[in-house]
Amino acid sequence: DKRHTVLIDVDTFNSQRIFVSQKGRDLWHSDFVKMPCSQVAHQKSRWDVISKKLKSLASKKTASVKDVEEAIIKYNPKYKDQWSFDALHTLDKITPYTENYYKTLFPKIAALALKLPKFVNKAIPLLRKGQSAAITLSQVQISCLLANAFFCTFPHRNTSSPNAEYSGYPSINFNSLFGNWSRRKGEKLRAIMHYFKEVTDESTQPKGLVTFERECLSYTDMPTWESCKANLSKLHITSEGQIELEGKGMLQVDFANSLIGGGVLGSGLLQEEILFVINPELIVARLFTEKLEDNECLIITGSQQFSSYLGFGDSFEWAGPYEDQSERDEWARRKTKILAIDAMNFRHSVDQYRMRHITRELNKAYCGFKGYDGHENPDIATGKWGCGAFNGDPQLKALIQLMAAAKAKRGLAFFTFGDENLKQHLQRIYELMFAEGITVGTLYKLLRDFSSAKHCDSHVDLFDFIEKNRNSKSHL
Ligand code: APR
């Protein structure tokens with residue numbers, strides 16, 4: 001009986017699932033998103049200024065970056081000297097005249113943002129830590145919320161001081177995307193602008209729903225890994241392809257930050273940020289998702305991919321529109337499921353071999369892989385989770401995910417992202433363990449011995465260790 005808030009009118013779809021529709025539309029309250037169009041005294045006057053500015057932009061045929069900047073600063077005067085718009089200016093300048101549709105797009109984004117009180121007329125609850133809960137929004141509502149984020153209309157969130165109301169939330173206004181030009185920023189902005197182009201055009205405007213579910217694994221549901229009798233499930237390993245393309249139809253793992261979306265509104269462009277840039281609807285999760293705790297994950301069903309891309313990090317390039325052909329479910333949601341789980345960030349690589357940390361990662365992966373009511377629970381598409389920016393050991397992370405998938409009784413497709421060496425070694429060790437019927441519990445005990453061995457000799461290789469020690473009596 002998880003709380004599920006549906007933000008669209010209830011009779012527009014037909015479902016057996018439990019939900020609570022939130023009646024109040026303007027709840028200026030710590031359990032809800034504080035909306036820019038709220039009618040509480042101090043915000044009302046700010047919304048008056050915002051709507052005046054946006055109306056004036058929306059009434060034009062074309063608007064310049066300068067117009068956008070001037071509007072945003074008008075209702076965010078405190079940031080006049082702090083926020084920079086040079087990335088947006090540069091993008092506009094370097095885009096060839098024939099391809100530059102931005103000036104005609106800005107008025108349309110402003111018009112969309114203005115529809116907020118009409119489109120989102122129910123309060124949006126926050127997905128807070130420690131509570132499993134879900135929110136369903138239409139793609140139109142999401143586009144309207146993101147148009148507001150683009151125009152930086154959300155009330156300021158103090159995220160910096162540890163006791164501040166929003167210290168545990170990601171940022172949502174797009175101001176940080178607009179400054180500090182770099183090639184990366186340019187490519188990200190091209191993808192974001194393309195999204196707005198699609199959602200403001202009636203012929204391409206998306207019509208489905210998207211659900212955001214925070215799942216919290218209770219302490220009683222945490223497996224006792226040491227005595228887990230589950231056998232390994234099926235594993236498909238490939239060095240080619242990417243999770244979000246070849247993994248379509250599977251539960252796709254987002255190598256997340258505990259603050260969902262990580263650096264998507266800054267200059268980050270790793271797996272999570274790329275995912276969010278090509279599926280911008282994911283960005284709206286930042287509006288209401290509190291930082292994930294060790295036993296929590298976020299599952300997003302139904303988001304649409306709008307852009308194609310090439311490269312990774314510095315070599316990332318927006319590669320044009322993407323036609324998302326995914327089927328829809330009975331809720332008119334695309335059958336795309338994205339699972340955000342945040343690995344630990346190991347400053348000192350050796351820390352990851354502590355059993356406390358291994359168990360944390362096992363529980364985190366299991367929390368996401370476990371399978372929940374109302375989901376079809378397909379196989380999982382993952383890869384070197386936690387092994388880039390977060391410095392994890394790909395061998396260890398592969399085994400951890402394999403163990404969590406086995407406990408959850410789900411198959412795993414593992415994308416090594418071009419790492420041929422890992423592919424071959426993982427294939428070999430998996431076949432060996434599978435043939436011998438090694439259980440999750442045995443593997444856990446082997447990891448414990450490995451942890452001690454690694455402590456004495458940092459050069460020990462995990463797969464070699466398992467191969468040599470898998471039959472030793474202490475694990476059986
Ligand atoms: N499909 C499969 N594998 C991929 C893909 C992809 N689309 N993209 C990247 N990889 C591989 C790469 O080999 C990469 O080095 O996964 C590795 C880990 O990716 P990272 O994004 O660095 O993941 P992680 O170490 O978990 O870092 C998470 O980075 O993006 C931010 O917000 C995120 O702060 C968080 C941190």
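Predicted model: local features only at pLDDT ≥ 70, side-chain atom pairs only at ≥ 80, totals over all residues.
**Entry 1: Phe-150 and Phe-178**

Phe-150 and Phe-178 are both buried.

**Entry 2: Trp-225 and Tyr-366**

I next examined Trp-225 and Tyr-366, whose ring centres are 5.9 Å apart with the planes at 90 degrees; planes over 60 degrees apart count as edge-to-face, so this pair is edge-to-face. Trp-225 sits in the loop between strand S3 (209–216) and strand S4 (235–238), while Tyr-366 is in helix H12 (residues 355–369), so the pair ties together parts that are 141 residues apart in sequence. I found Trp-225 buried, and Tyr-366 likewise.

**Entry 3: Lysines over rings**

I searched for charges over aromatic faces. Lys-197 lies over the face of Tyr-101, 5.1 Å from the ring centre. Lys-397 lies over the face of Trp-385, at 5.5 Å from the ring centre.

**Entry 4: Thr-416**

I located Thr-416 in the loop between strand S11 (412–415) and helix H14 (420–435). Is Thr-416 buried or exposed? Its relative accessibility is 0%, so I recorded Thr-416 as buried. The side chain of Thr-416 reaches the backbone oxygen of Asp-419 at 2.9 Å. Leaving aside residues up to four places away in sequence, I listed the residues that Thr-416 touches: Ile-237, Thr-238, Ser-239, Lys-384, Leu-422 and Lys-423.

**Entry 5: Helix H16**

I turned to helix H16 (residues 462–469), in which the buried residues are Leu-462, Phe-463, Phe-465 and Ile-466. Why do they lie on the same side of H16? They cover an arc of only 160 degrees around the axis, which puts them on the same side of the helix. I kept in mind that an α-helix has 3.6 residues a turn, so residues three or four places apart point the same way. The buried residues of H16 pack against helix H13 (394–407), H14 and helix H15 (440–456). Finally, I checked the N-terminal end of H16, which Asp-461 caps: a side-chain oxygen of Asp-461 lies 3.1 Å from the backbone nitrogen of Phe-463.

Conventions:
Residues numbered from 1 in each chain as written. Heavy atoms only, no water. Helix = DSSP H or I, 4+ residues; strand = E, 2+ residues; numbered from the N terminus. Buried < 20%, exposed > 50% of the residue type's maximum accessible area, 1.4 Å probe, protein only. Polar contact = N/O pair within 3.5 Å; in protein donor to acceptor, adjacent residues only side chain to side chain. Contact = heavy atoms within 4.5 Å. Phe/Tyr/Trp six-rings, centres within 6.5 Å; stacked < 30°, edge-to-face > 60°. Lys NZ or Arg CZ within 6 Å of the ring centre and 35° of its normal. Arc of directions from axis to C-beta.
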